[in-house]
Amino acid sequence: MPRSLSIASLLLLASSAATAPPDFDKQIAPLLASYCTDCHSGPKPKGKLDLTRKAGAASAVAPGKPAESELYSRVAAGEMPPKKPLPAAEQKLLKEWIESGAKWGTDPIDPFRYTTATRAGYDWWALQPVKRPPVPQGVNPIDHFVLARLGDNALSLSKEADRRTLIRRLYFDLLGLPPTPEEVTAFVADKDADAYEKRVDKLLASPHYGERWARHWLDVVRYGETDGFERNSPRPNAYHYRDWVIRALNADVPYDQFARLQLAGDVLKPGDPDAIRATGYLVAGVHNTVLGNDQMRAVARQDELEDIVGGVAQTFLGLTANCARCHDHKFDPISQTDFYRLAAALGGVGFGERAVAEAKASAELVKLAQRLDALAKELAAIEEPARKAALAAKGMGKLAAVAPAPVAAWDFRKSGDDLIGKLHARAVGGAKLTAAGASLDGKGLFRTAPLPFDLKAKTLESWVKLDSLTQRGGGVISLQTADGLEFDAIVFGENEPAKWMAGSNSFLRYKSFAGTEEKDAAKEFVHIAITFADDGTITGYRNGKPYGKGYATRGPLAFKAERTVVVFGCRHEPAGGNRMLAGTVSVARLYDRALTAEQVEASFASGGGFVTDAELEAKLTPEQRAARAKLRTEHEAVAKDVSALRARATSTKAYANVPQAPGVTRFLARGDLALPGAVVAPAGVAAVVGPKADFGLKPDATDAERRTKLAEWITAPNNPLFARVIVNRVWHYHLGTGIVETPNDLGFNGGRPSHPELLDWLANEFARQKYSLKALHKLIVTSATYRQSSAPRKEGSAKDADNRLLWRYKPHRLEGEVVRDAMLATSSLLNPEVGGKGFSDYKERNFNGTAYFEPFDPVGPEFHRRSVYRFTPRGANQGLLYTFDCPDPAAAAPRRAITTTPLQALALWNNGFALRTADALAARVAKDAEGVEKQVLRAWQLVYQREPRAEEAAIATKLVRDHGLKALCRVLFNSNEFVTVE
């Protein structure tokens, strides 16, 4: 780790070369930056004296004459700095510089250039590239670095903890739940050399691992389920982000991807429901909904951006960048410009709800869709040979292929009725039915009833004759939303005269087919078909042959059941203008798939003929008819289920980032909206060595461009902070204190690394392991450092009372949520359901538009889920959990407070939840064992995962006989051993 360039060390350097004057950049500039430039810099420096520039300082410095230099005379008189005089050594250095001629260096002074005794510079240890220190072969790397530091202090690791202690520690650490007595017994008896490692693998594979470690992450990102501020309104759909975190951790999503999805998932994976849920991170914090006038809204937005910038920088980089909103950071090399560049990168973040696919419904939908596809194939196997035979019998020749059955078909020469289902078309305006088909006068149209099914991939097909080849933009057949705002259609001549095209809203799915100009459609009916494939490919056909060339789009538009209609003679509603078609449509068909070229050709070859159901049945055997009827019944039922599930899947709302136009960001002098300065472009922090801080974006770049670049910069492999911060955070949760004891701050005001080489080795190894958090967990918990005993030792306590050198495992009290979960698990009340909407143990009261939350103790399995699923309002009393230091989600909690108070004992003795779980534990013990002695033994096994000592058993047996089993269970839950991991 690079050492800080202290003033004292620079003085020693100066004294060793008496003839050399003080070096301005290395000695004087850091001195001025540390003590003077906070006041004497900027557009309005105090006393009109700017000490960051040579010209500004000239009036206060007389080269070679300290006594005549106001800068020195005010310092020597103890007047400056005003609150604390400059130390004598620094005064001497300043005097020598002036005496030597006051030679200036870098102009203006860069206050961040060097680390000093009062602030970090560009050479700060955390900003330097990660290096991989060497480790001897055959040695556990973690233990190697820990033993080296212990050896320097004449200390050693403690012996390994006993196996009961070890498995209890491991379960609470990885799952947040106690092991069962049976699991402890089996582990203690397992003599396999790999028994411990196998147990680690098993726990990391448990779905409860994600629940445990998601709670840690939610602490860091200040996840709450109300807005905070005055209204404090609930966010009933915020839980989607919490569930996404649990799933991502269980799936061991690489941490770099885990971070990118939270920062920009919605733009990196457009349309992906989980990617939208992940952006709940950006809006996990407080949100002011009481905004007042425009000025108040603007101020509130700046406050909101400060919170978002601070959250992102602290979470992923360990930098308190939010401290640079009103001035350059006082302690770290983060300029005010850096802050506004980050604010620009996040300027498009918005709070609100977005529609997403519900996870369980989506999974069921996949299964049903597969079944629907299988049924369609079985039906096709029966119907297609019969349809081909029926067409041949009608004199339509021997076809090479047969088109599948459409989902809707119209023969307007006979009527407007749908020949397949109930999508009957009715005339609107001047449209009418004739012997030739649906006659369209350029003003009227035909419209169907709403579709009873969803439709994504599709084929539109029609036989049409035009009144004129000069018309521009009329629609032959169009599939549109009920309001006409979104549509896919067969359109004539809109963008290119006399050419067919795939019409779509705002031309989103339009490209030219580059087909030939239409010459014949005014004289005869022509066959036009356009297919829209699942992969986004759109292909046109004319008279059974490809029309020009198909092209790729981002994907087909999905039309929803009951919200979609088919119109003929209009590009899209409302009717009017060049959207209308003048001509005649004789036959039209709609398919729920993109037909192949062979199928389109076969459909054209049928000449517009249509095989009726009766004609098809006539070509089937009795057995085929029965099988077809059964398949059609099931197909109809499954199709209804699919439609219902699709509606459910897409009706779900998630509280997530709702992107907004970011606008242009300006530098605000002193953070004041009334003092706007230069426009700044989105960028990173310049002091971070490695990834290029300049994103290469214009100030008016889109939100998608900004967040994409920010995510890339933060997660860049050569960003020295990204991996350091997370491995330190994980170490903190496993060992009780991080290698840097301030997980959210690796800057000057944060802690210093106790084992800097170990931190770098872990960061490097984490990247080598493809950012696998589970691999990192395993690496740490299988080390001798983690597995050692927590027993105190006199020599360790004397030399290292805080255990920063790791001479033992540091015992710690369980967090409030884990205490609650352990009580539920031990008493057999725990509901193990993973994911989904959580539960609330609050009574909500609204008064004058503000929500208030009072804790209570609800009863029932739905309230006995793990605490991570508990509703977490901001600013509310958290009941039992409050006494055990459960943090308020109004702010980040990278380190939880750990207190010991009488209230904790009182809560575990008298709280309604504690009484209920103690009663349930007593009932479980009574069921499991007969006789007081055996019941005492069973209670100890369940609560402590061990057998009672003789003295304990004697006292407990007497207590049970005198006061009952419930009294013993209350005592056990109220003990230090129950709430402590050793």
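**Salt bridges and cysteines in the predicted model**

Asp 256 and Arg 260 form a salt bridge, with the closest N and O atoms 3.6 Å apart. The structure in which this pair occurs is a predicted model. Both residues belong to helix 12, which spans residues 255-268. They are four residues apart there, so about one helical turn separates them. The two partners were also examined for accessibility. Asp 256 has 14% relative accessibility and counts as buried, because the cut-off for that class is under 20%. Arg 260 is partly exposed, with a relative accessible area of 25%.

Side chains of opposite charge can pair when their charged atoms come close. Across the whole structure, a search finds 68 salt bridges. Arg 247 and Asp 274 form one of these, and their closest N and O atoms lie 2.7 Å apart. Arg 247 lies in helix 11 (residues 239-250), whereas Asp 274 lies in helix 13 (residues 273-278). The pair therefore ties together parts that are 27 residues apart in sequence. Arg 247 is partly exposed, at 33% relative accessibility. Asp 274 is also partly exposed, with a relative accessible area of 28%.

A further salt bridge joins the side chains of Asp 417 and Arg 426, at 3.3 Å from N to O. Asp 417 counts as partly exposed, at 32% relative accessibility. For Arg 426 the relative accessible area is 43%, and this residue is partly exposed.

Salt bridges also link residues into a network. Its members are Arg 164, Arg 946, Arg 949, Glu 952 and Glu 977.

Cysteine pairing was examined next. The structure holds zero disulfides. Cys 36 is in no disulfide, and its nearest cysteine sulfur, that of Cys 39, is 8.9 Å away. Cys 36 is buried, with a relative accessible area of 12%. Cys 39 is partly exposed, at 32%.

Methods. Residues are numbered from 1 along each chain as its sequence is written. This is a predicted model: local features need pLDDT of at least 70, side-chain atom pairs count only at pLDDT 80 or more; totals for chains, interfaces and linings use all residues. Side-chain values use heavy atoms; hydrogens and water are left out. A salt bridge is a side-chain nitrogen of Lys or Arg within 4 Å of a carboxyl oxygen of Asp or Glu. Helices (H or I, at least four residues) and strands (E, at least two) are DSSP runs, numbered from the N terminus. Buried means under 20% relative accessible area, exposed over 50%, partly exposed in between (1.4 Å probe, protein chains only). A disulfide is a pair of cysteine sulfur atoms within 2.5 Å.
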